[in-house]
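Here is a short note for a colleague opening this structure. Please read it with the sequence and the model side by side.

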Amino acid sequence: MSPWLRQHRFALVAALSTVRKSPGSFLFNVLVVALALTLPFAGLTLLDNVRPLSEQLSVDPEISLFMGEDVSRPDAQALLPQIRQIVAQGKGEVTFVPREEALESLKERSSLGGVLETLGENPLPDSYVMKLDGFANAGAAAQVDAITERLRALPGVETVQVDSAWVKRLAALLGILRLALLLLAGTLGIVVIAVVFNTIRLQVLTQKEEISVSQLLGATNDFIHRPFFYTGALLGLCAGGVALGVVALALHPLNGAIAEFARLYGSQFQLAPLGGLAIAGLLAVSAGLGLVGALLSVRRHLARMR
(Lines give C-alpha, C1' and ligand atoms only; values in the text may rest on other atoms or scores of the structure.)
Protein backbone atom coordinates (compact mmCIF):
# COMPACT_ATOMS: atom_id res chain seq x y z
CA MET A 1 0.00 0.00 0.00
CA SER A 2 2.90 2.36 0.75
CA PRO A 3 4.30 2.39 -2.85
CA TRP A 4 0.78 3.05 -4.20
CA LEU A 5 0.35 6.03 -1.87
CA ARG A 6 3.80 7.35 -2.77
CA GLN A 7 2.98 7.18 -6.48
CA HIS A 8 -0.27 9.10 -6.05
CA ARG A 9 1.38 11.64 -3.77
CA PHE A 10 4.07 12.21 -6.38
CA ALA A 11 1.39 12.63 -9.07
CA LEU A 12 -0.52 15.16 -6.93
CA VAL A 13 2.66 17.13 -6.23
CA ALA A 14 3.47 17.13 -9.96
CA ALA A 15 -0.04 18.39 -10.76
CA LEU A 16 0.25 21.20 -8.20
CA SER A 17 3.67 22.10 -9.59
CA THR A 18 2.16 22.42 -13.08
CA VAL A 19 -0.55 24.69 -11.70
CA ARG A 20 2.03 26.89 -9.95
CA LYS A 21 3.98 27.30 -13.19
CA SER A 22 1.00 28.80 -14.99
CA PRO A 23 -1.52 30.05 -12.40
CA GLY A 24 -3.12 32.58 -14.74
CA SER A 25 -4.03 29.95 -17.32
CA PHE A 26 -5.34 27.61 -14.62
CA LEU A 27 -7.51 30.33 -13.05
CA PHE A 28 -8.90 31.31 -16.44
CA ASN A 29 -9.89 27.71 -17.14
CA VAL A 30 -11.42 27.47 -13.67
CA LEU A 31 -13.58 30.52 -14.39
CA VAL A 32 -14.70 29.13 -17.74
CA VAL A 33 -15.71 25.80 -16.20
CA ALA A 34 -17.32 27.56 -13.23
CA LEU A 35 -19.52 29.59 -15.59
CA ALA A 36 -20.74 26.36 -17.15
CA LEU A 37 -21.48 24.84 -13.74
CA THR A 38 -23.16 27.87 -12.14
CA LEU A 39 -26.45 27.63 -14.04
CA PRO A 40 -27.24 23.96 -13.23
CA PHE A 41 -26.08 24.47 -9.62
CA ALA A 42 -28.43 27.47 -9.29
CA GLY A 43 -31.31 25.49 -10.79
CA LEU A 44 -30.66 22.61 -8.41
CA THR A 45 -30.64 25.02 -5.46
CA LEU A 46 -33.98 26.48 -6.57
CA LEU A 47 -35.59 23.06 -6.98
CA ASP A 48 -34.22 21.94 -3.62
CA ASN A 49 -35.94 24.92 -1.96
CA VAL A 50 -39.23 24.47 -3.83
CA ARG A 51 -39.43 20.69 -3.31
CA PRO A 52 -40.51 20.82 0.38
CA LEU A 53 -43.29 23.26 -0.51
CA SER A 54 -44.57 21.07 -3.35
CA GLU A 55 -44.54 17.99 -1.11
CA GLN A 56 -46.71 19.77 1.46
CA LEU A 57 -49.36 20.54 -1.15
CA SER A 58 -51.99 17.89 -1.56
CA VAL A 59 -52.68 16.86 -5.15
CA ASP A 60 -55.96 15.17 -4.21
CA PRO A 61 -58.93 17.16 -5.52
CA GLU A 62 -60.75 19.45 -3.11
CA ILE A 63 -64.27 20.43 -4.20
CA SER A 64 -66.06 23.46 -2.79
CA LEU A 65 -69.85 23.58 -3.12
CA PHE A 66 -71.63 26.89 -2.50
CA MET A 67 -75.35 27.09 -1.82
CA GLY A 68 -77.62 29.82 -3.13
CA GLU A 69 -78.29 32.83 -0.91
CA ASP A 70 -82.01 32.03 -0.75
CA VAL A 71 -81.43 28.47 0.52
CA SER A 72 -82.22 28.06 4.21
CA ARG A 73 -79.85 26.42 6.67
CA PRO A 74 -82.04 23.27 7.18
CA ASP A 75 -82.37 22.79 3.41
CA ALA A 76 -78.60 23.18 2.96
CA GLN A 77 -77.82 20.65 5.70
CA ALA A 78 -80.40 18.23 4.28
CA LEU A 79 -78.18 17.75 1.23
CA LEU A 80 -75.43 16.15 3.30
CA PRO A 81 -76.56 12.51 2.75
CA GLN A 82 -76.85 13.02 -1.01
CA ILE A 83 -73.42 14.67 -1.19
CA ARG A 84 -71.84 11.83 0.76
CA GLN A 85 -73.47 9.31 -1.55
CA ILE A 86 -72.10 11.10 -4.64
CA VAL A 87 -68.52 11.18 -3.34
CA ALA A 88 -68.71 7.71 -1.76
CA GLN A 89 -66.54 6.16 -4.53
CA GLY A 90 -63.62 8.18 -3.19
CA LYS A 91 -62.65 7.86 0.45
CA GLY A 92 -63.28 11.52 0.93
CA GLU A 93 -64.26 13.80 3.76
CA VAL A 94 -67.32 16.06 3.55
CA THR A 95 -67.47 19.12 5.81
CA PHE A 96 -70.36 21.57 6.11
CA VAL A 97 -69.14 25.15 6.51
CA PRO A 98 -71.78 27.60 7.86
CA ARG A 99 -71.70 31.09 6.41
CA GLU A 100 -70.78 32.58 9.81
CA GLU A 101 -67.73 30.33 10.10
CA ALA A 102 -66.69 31.15 6.53
CA LEU A 103 -66.91 34.88 7.30
CA GLU A 104 -64.75 34.59 10.43
CA SER A 105 -62.18 32.52 8.50
CA LEU A 106 -62.06 35.14 5.76
CA LYS A 107 -61.47 37.91 8.30
CA GLU A 108 -58.61 35.98 9.90
CA ARG A 109 -56.86 35.08 6.64
CA SER A 110 -57.13 38.43 4.89
CA SER A 111 -57.01 42.16 5.55
CA LEU A 112 -60.62 42.68 4.46
CA GLY A 113 -62.09 42.68 7.96
CA GLY A 114 -62.95 46.40 7.89
CA VAL A 115 -64.47 46.14 4.42
CA LEU A 116 -66.62 43.17 5.41
CA GLU A 117 -67.93 44.95 8.50
CA THR A 118 -69.15 47.88 6.40
CA LEU A 119 -71.36 45.51 4.39
CA GLY A 120 -73.58 44.90 7.37
CA GLU A 121 -74.94 41.52 6.29
CA ASN A 122 -72.86 38.42 5.71
CA PRO A 123 -72.39 38.11 1.91
CA LEU A 124 -71.09 34.53 2.06
CA PRO A 125 -73.34 31.47 1.54
CA ASP A 126 -73.37 28.16 3.35
CA SER A 127 -70.99 25.71 1.71
CA TYR A 128 -69.56 22.22 1.71
CA VAL A 129 -65.89 21.28 1.36
CA MET A 130 -65.10 17.80 0.04
CA LYS A 131 -61.56 16.43 0.19
CA LEU A 132 -61.35 13.41 -2.11
CA ASP A 133 -58.81 10.61 -1.62
CA GLY A 134 -57.75 8.27 -4.40
CA PHE A 135 -58.16 10.77 -7.24
CA ALA A 136 -54.60 12.16 -7.40
CA ASN A 137 -53.67 10.43 -10.65
CA ALA A 138 -54.27 12.12 -13.97
CA GLY A 139 -56.55 9.29 -15.15
CA ALA A 140 -59.11 10.13 -12.45
CA ALA A 141 -59.78 13.60 -13.86
CA ALA A 142 -62.84 12.32 -15.74
CA GLN A 143 -64.27 10.84 -12.53
CA VAL A 144 -63.78 14.13 -10.70
CA ASP A 145 -65.56 15.97 -13.52
CA ALA A 146 -68.46 13.53 -13.31
CA ILE A 147 -68.76 14.06 -9.54
CA THR A 148 -68.68 17.82 -10.08
CA GLU A 149 -71.52 17.66 -12.60
CA ARG A 150 -73.68 15.56 -10.26
CA LEU A 151 -73.07 18.03 -7.43
CA ARG A 152 -74.10 20.94 -9.65
CA ALA A 153 -77.42 19.19 -10.33
CA LEU A 154 -78.41 19.16 -6.66
CA PRO A 155 -81.23 21.56 -5.69
CA GLY A 156 -80.13 24.89 -4.26
CA VAL A 157 -76.52 24.57 -5.43
CA GLU A 158 -75.19 27.72 -7.06
CA THR A 159 -71.49 27.03 -7.68
CA VAL A 160 -69.20 23.97 -7.58
CA GLN A 161 -65.47 24.56 -7.82
CA VAL A 162 -62.53 22.15 -8.01
CA ASP A 163 -59.81 23.81 -5.93
CA SER A 164 -56.73 21.64 -6.54
CA ALA A 165 -56.32 21.87 -10.31
CA TRP A 166 -53.56 24.46 -9.82
CA VAL A 167 -51.67 22.05 -7.56
CA LYS A 168 -51.54 19.50 -10.36
CA ARG A 169 -50.35 22.18 -12.75
CA LEU A 170 -47.61 23.10 -10.28
CA ALA A 171 -46.53 19.46 -9.96
CA ALA A 172 -46.44 19.13 -13.76
CA LEU A 173 -44.45 22.37 -14.05
CA LEU A 174 -41.90 21.15 -11.49
CA GLY A 175 -41.55 17.92 -13.45
CA ILE A 176 -40.82 19.89 -16.62
CA LEU A 177 -38.29 22.05 -14.76
CA ARG A 178 -36.51 18.95 -13.42
CA LEU A 179 -36.28 17.48 -16.93
CA ALA A 180 -35.07 20.80 -18.37
CA LEU A 181 -32.45 21.07 -15.61
CA LEU A 182 -31.30 17.51 -16.30
CA LEU A 183 -30.89 18.25 -20.02
CA LEU A 184 -29.11 21.52 -19.25
CA ALA A 185 -26.78 19.83 -16.79
CA GLY A 186 -25.96 17.13 -19.33
CA THR A 187 -25.21 19.69 -22.04
CA LEU A 188 -23.04 21.86 -19.80
CA GLY A 189 -21.33 18.74 -18.45
CA ILE A 190 -20.17 18.03 -22.00
CA VAL A 191 -18.92 21.63 -22.19
CA VAL A 192 -16.91 21.11 -18.98
CA ILE A 193 -15.38 17.92 -20.33
CA ALA A 194 -14.47 19.70 -23.58
CA VAL A 195 -12.78 22.58 -21.72
CA VAL A 196 -10.76 20.20 -19.54
CA PHE A 197 -9.95 18.08 -22.59
CA ASN A 198 -8.45 21.07 -24.38
CA THR A 199 -6.60 22.27 -21.26
CA ILE A 200 -4.93 18.90 -20.73
CA ARG A 201 -4.14 18.66 -24.44
CA LEU A 202 -2.14 21.90 -24.23
CA GLN A 203 -0.30 20.61 -21.16
CA VAL A 204 0.57 17.36 -22.93
CA LEU A 205 1.94 19.28 -25.91
CA THR A 206 3.90 21.60 -23.60
CA GLN A 207 5.48 18.65 -21.76
CA LYS A 208 6.02 16.55 -24.87
CA GLU A 209 9.80 16.37 -24.53
CA GLU A 210 9.63 15.63 -20.81
CA ILE A 211 7.17 12.80 -21.47
CA SER A 212 9.46 11.36 -24.17
CA VAL A 213 12.43 11.34 -21.80
CA SER A 214 10.35 9.66 -19.10
CA GLN A 215 9.32 6.95 -21.54
CA LEU A 216 12.95 6.34 -22.54
CA LEU A 217 13.81 5.94 -18.86
CA GLY A 218 11.16 3.23 -18.51
CA ALA A 219 8.29 5.18 -16.96
CA THR A 220 4.98 3.33 -17.18
CA ASN A 221 1.89 4.79 -18.79
CA ASP A 222 0.16 5.06 -15.41
CA PHE A 223 3.09 7.03 -14.02
CA ILE A 224 2.91 9.48 -16.93
CA HIS A 225 -0.89 9.75 -16.97
CA ARG A 226 -1.52 10.26 -13.25
CA PRO A 227 -0.38 13.92 -12.92
CA PHE A 228 -2.67 14.93 -15.79
CA PHE A 229 -5.58 13.11 -14.17
CA TYR A 230 -5.00 15.01 -10.94
CA THR A 231 -4.77 18.29 -12.84
CA GLY A 232 -8.14 17.67 -14.50
CA ALA A 233 -9.75 16.67 -11.21
CA LEU A 234 -8.32 19.75 -9.46
CA LEU A 235 -9.62 21.95 -12.26
CA GLY A 236 -13.14 20.50 -11.91
CA LEU A 237 -13.04 20.65 -8.11
CA CYS A 238 -11.94 24.29 -7.99
CA ALA A 239 -14.50 25.25 -10.64
CA GLY A 240 -17.25 23.52 -8.66
CA GLY A 241 -16.25 25.42 -5.54
CA VAL A 242 -16.30 28.73 -7.40
CA ALA A 243 -19.73 27.95 -8.92
CA LEU A 244 -21.19 27.06 -5.51
CA GLY A 245 -19.72 30.26 -4.06
CA VAL A 246 -21.31 32.36 -6.82
CA VAL A 247 -24.70 30.72 -6.21
CA ALA A 248 -24.42 31.28 -2.45
CA LEU A 249 -23.56 34.95 -2.93
CA ALA A 250 -26.45 35.41 -5.38
CA LEU A 251 -28.93 34.15 -2.77
CA HIS A 252 -28.60 37.32 -0.65
CA PRO A 253 -29.93 39.84 -3.21
CA LEU A 254 -32.48 37.29 -4.43
CA ASN A 255 -33.83 36.75 -0.93
CA GLY A 256 -34.25 40.51 -0.54
CA ALA A 257 -36.50 40.61 -3.61
CA ILE A 258 -38.29 37.36 -2.67
CA ALA A 259 -39.02 38.64 0.85
CA GLU A 260 -40.97 41.61 -0.54
CA PHE A 261 -42.93 39.35 -2.88
CA ALA A 262 -43.62 36.68 -0.22
CA ARG A 263 -44.78 39.30 2.29
CA LEU A 264 -47.68 40.16 -0.03
CA TYR A 265 -48.91 36.58 0.41
CA GLY A 266 -48.27 36.41 4.14
CA SER A 267 -45.30 34.09 3.71
CA GLN A 268 -41.69 34.14 4.90
CA PHE A 269 -40.25 32.00 2.12
CA GLN A 270 -36.48 32.33 1.69
CA LEU A 271 -33.99 30.53 -0.53
CA ALA A 272 -31.50 28.53 1.52
CA PRO A 273 -28.13 27.22 0.31
CA LEU A 274 -27.68 23.52 -0.30
CA GLY A 275 -26.85 21.21 2.57
CA GLY A 276 -23.41 19.82 3.25
CA LEU A 277 -24.15 16.44 1.67
CA ALA A 278 -25.46 18.03 -1.53
CA ILE A 279 -22.44 20.35 -1.72
CA ALA A 280 -20.06 17.42 -1.31
CA GLY A 281 -21.91 15.53 -4.03
CA LEU A 282 -21.72 18.46 -6.48
CA LEU A 283 -18.01 18.94 -5.78
CA ALA A 284 -17.48 15.23 -6.43
CA VAL A 285 -19.40 15.49 -9.71
CA SER A 286 -17.33 18.52 -10.73
CA ALA A 287 -14.08 16.72 -9.98
CA GLY A 288 -15.39 13.66 -11.82
CA LEU A 289 -16.15 15.70 -14.95
CA GLY A 290 -12.63 17.13 -14.85
CA LEU A 291 -11.20 13.64 -14.44
CA VAL A 292 -13.19 12.33 -17.42
CA GLY A 293 -12.01 15.20 -19.60
CA ALA A 294 -8.39 14.59 -18.58
CA LEU A 295 -8.73 10.84 -19.13
CA LEU A 296 -10.04 11.26 -22.66
CA SER A 297 -7.43 13.86 -23.55
CA VAL A 298 -4.43 11.99 -22.14
CA ARG A 299 -5.28 8.69 -23.77
CA ARG A 300 -5.90 10.33 -27.13
CA HIS A 301 -2.82 12.53 -27.36
CA LEU A 302 -0.30 10.27 -25.63
CA ALA A 303 -1.37 7.45 -27.94
CA ARG A 304 -0.54 9.69 -30.90
CA MET A 305 2.87 10.48 -29.39
CA ARG A 306 3.69 6.82 -29.07
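Is Asp-126 buried or exposed?

1. Asp-126 is buried, at a relative accessible area of 6%. The cut-offs are under 20% relative accessible area for buried, over 50% for exposed, and partly exposed in between, using a 1.4 Å probe and protein chains only.

2. A word on the source. This is a predicted model, in which local features need pLDDT of at least 70 and side-chain atom pairs count only at pLDDT 80 or more, while totals for chains, interfaces and linings use all residues. Residues are numbered from 1 along each chain as its sequence is written, and side-chain values use heavy atoms, with hydrogens and water left out.

3. Asp-126 has a charged partner. Its salt bridge is with Arg-73, and the closest N and O atoms are 3.0 Å apart. Asp-126 sits in the loop between helix H6 (113–118) and E3, and Arg-73 in helix H3, so the contact ties together parts that are 53 residues apart in sequence. A salt bridge here is a side-chain nitrogen of Lys or Arg within 4 Å of a carboxyl oxygen of Asp or Glu. Helices (H or I, at least four residues) and strands (E, at least two) are DSSP runs, numbered from the N terminus.

4. Arg-73 also meets Glu-100 in a salt bridge, at 2.9 Å from N to O. Arg-73 belongs to helix H3 (residues 73–78) and Glu-100 to helix H5 (residues 99–109), so this pair joins parts that are 27 residues apart in sequence. Arg-73 is partly exposed, at 28% relative accessible area. Glu-100 is partly exposed too, at 44%.

5. How many salt bridges does a search of the whole structure find? The count is three. One of them pairs Arg-152 with Glu-149, with 2.9 Å between the closest N and O atoms. Both residues lie in helix H7 (residues 141–152), three residues apart, about one turn of the helix. Arg-152 is partly exposed, at 41% relative accessibility.

6. Now the strands. E1 (residues 62–67) runs antiparallel to E3 (residues 127–131), and five bridges join them. Two strands pair if DSSP finds at least two bridges between them. Ser-64 has Val-129 in E3 as its bridge partner.

7. E1 also pairs with E4 (residues 157–162), again antiparallel and over five bridges. Here the bridge partner of Met-67 is Val-157 in E4. In a regular strand, side chains alternate between the two faces of the sheet.
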